[in-house]
Amino acid sequence: MKILGLETSCDETAAAVVCRGDDGRATIVSNVVLSQIAEHAAFGGVVPEIAARAHVEALDHVVAAALDEAGICLAEVDAIAATAGPGLIGGVIVGLTSAKALAWAAGKPVLAINHLEGHALTARLTDATAFPYLLLLVSGGHTQLVGVLGVGQYERIGTTIDDAVGEAFDKTAKLLGLGYPGGPEVERRAAKGNAGRFDLPRPLFGRAGADFSFAGLKTAVRMAAQAASPLVESDVDDLAASFQAAAVDCLADRTRHALEMNGGTPFTALVAAGGVAANRAVAVTLRAVADDFGLPLVVPPLALCGDNAAMIAWAGAERLAMADGDIGRGDMDATARARWPLGELEPPGRAAA
Ligand code: KG4
Ligand code: ZN
């Protein structure tokens, strides 16, 4: 089956065509991502109104490009999947409404996909990872440890009690006068710095459970930067390195706890997803954790770590396959949601007869 996917929940306007064979094998036929970074850079972060407007202007072209690259027309897809949340509501409405309109026009079913489920199932798109696995979802808006038991079956094991780790990377970058988005910049500067120079806190490290906290680390970076100012280039490198080391230590410790806490479920793999999973230091450290538990580590390739529409199309394909392709017109009545925790999802069912 061929699925067209649309993603508009943050600052990427994306469309993709993904094919799922009868054997469950996935092929990304096209994957178009138009980043709005330039539009938001001057503001040092994503401005929701600008994002929504940019999605309206770009989405038609991005969808056309994805179909074109795939060499198919709309009539040839089996269903249209779109992010229905969680995310910036204006953008989500643009994507979901467009998907419904396309579905109506082409007489196809529409699938309202949870963005987090898209990230959660990416390891099956790229590596055919078998259920159940432990997912560390690390992005600009989310930091969660989730037991992925099946399509629509997610068990939250830990989450952040304040900021997301990607947000901490972005705020650190802003504080150090680095560009937006901050994660890649902090990583680049950290590679040149001395991680041992600033003694930064590691919130919740070693504590029971698998929750995260990054607010205190962010504040500590600010105070260290103030104390060392005026900052020269090497100070920025050392602060970036010290921050990244602390953040990575926290991610590793909490992931370890999640694996230790896991009594009954025999996970097949440790999977990382979300923009922060693109960080090399994160991947290297998680590999050591996975090795200790005798598990393979799955980190999707860079282009599929961050937001994209292939993961949305794939989540749609998994849902459609589980319902034996029988979903009627699908989620034509679904509404866009700013908030939509993974735990509220359910496995797909067949359409009522
Ligand atoms: O998953 P994503 O593309 O968007 C959502 O937030 O849903 O993640 C974006 C986040 C941003 O906070 C960005 O700074 C961070 O991922 N990020 C990184 C790196 N690349 C992107 N953080 C650390 N190191 C990186 N190399
Ligand atoms: Zn995301």
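The entries below go from a helix to the cores and then to the ligand.

**Ground rules.** I am working with a predicted model, where local features need pLDDT of at least 70 and side-chain atom pairs count only at pLDDT 80 or more, while totals for chains, interfaces and linings use all residues. Residues are numbered from 1 along each chain as its sequence is written, chains are lettered from A and ligands numbered from 1 in the order in which they are written, and side-chain values use heavy atoms, with hydrogens and water left out.

**Helix α5.** I began with α5, residues 165-175. Helices here are DSSP runs of H or I with at least four residues, strands are E runs of at least two, and both are numbered from the N terminus. Val-165, Gly-166, Ala-168, Phe-169, Thr-172 and Ala-173 are buried in α5 (buried is under 20% relative accessible area, exposed over 50%, partly exposed in between, with a 1.4 Å probe and protein chains only). They cover an arc of only 160° around the axis, so they sit on the same side of α5; the arc is taken from the directions from the helix axis to the C-beta atoms. I then checked what they pack against: β6 (133-138), β7 (143-150), α6 (182-190), α7 (215-228) and α8 (233-261), with contact meaning heavy atoms within 4.5 Å.

**Gly-177.** After α5 comes Gly-177, with a positive phi near 75°. Gly-177 is in the loop between α5 and α6, and it counts as exposed because its relative accessibility is 62%. I also noted that Gly-177 and Leu-231 are 10.0 Å apart, C-alpha to C-alpha, although 54 residues separate them in sequence.

**Cores.** I looked up the largest nonpolar core next, and it has 63 residues (a core is a set of buried Ala, Val, Leu, Ile, Met, Phe, Trp, Tyr and Cys residues joined through side-chain atoms within 4.5 Å). Helix α11 (residues 310-322) gives the most to this core, with 8 residues. The core lies between domain 1 (2-123 + 304-352) and domain 2 (131-303), because both give residues to it; the domain bounds come from an automatic or database assignment. A second, separate core of 48 residues includes Leu-178 and Phe-214.

**Ligand 1.** Which residues are closest to ligand 1? I found Gly-140, Asp-170, Glu-187, Gly-275 and Asn-279, among 18 that surround ligand 1 (a heavy atom within 4 Å). A backbone N or O atom of Gly-140 is 2.8 Å from a ligand 1 oxygen atom, and a polar side-chain atom of Asp-307 is 3.1 Å from an oxygen atom of ligand 1.

How values were computed
Polar contact = N/O pair within 3.5 Å; in protein donor to acceptor, adjacent residues only side chain to side chain.
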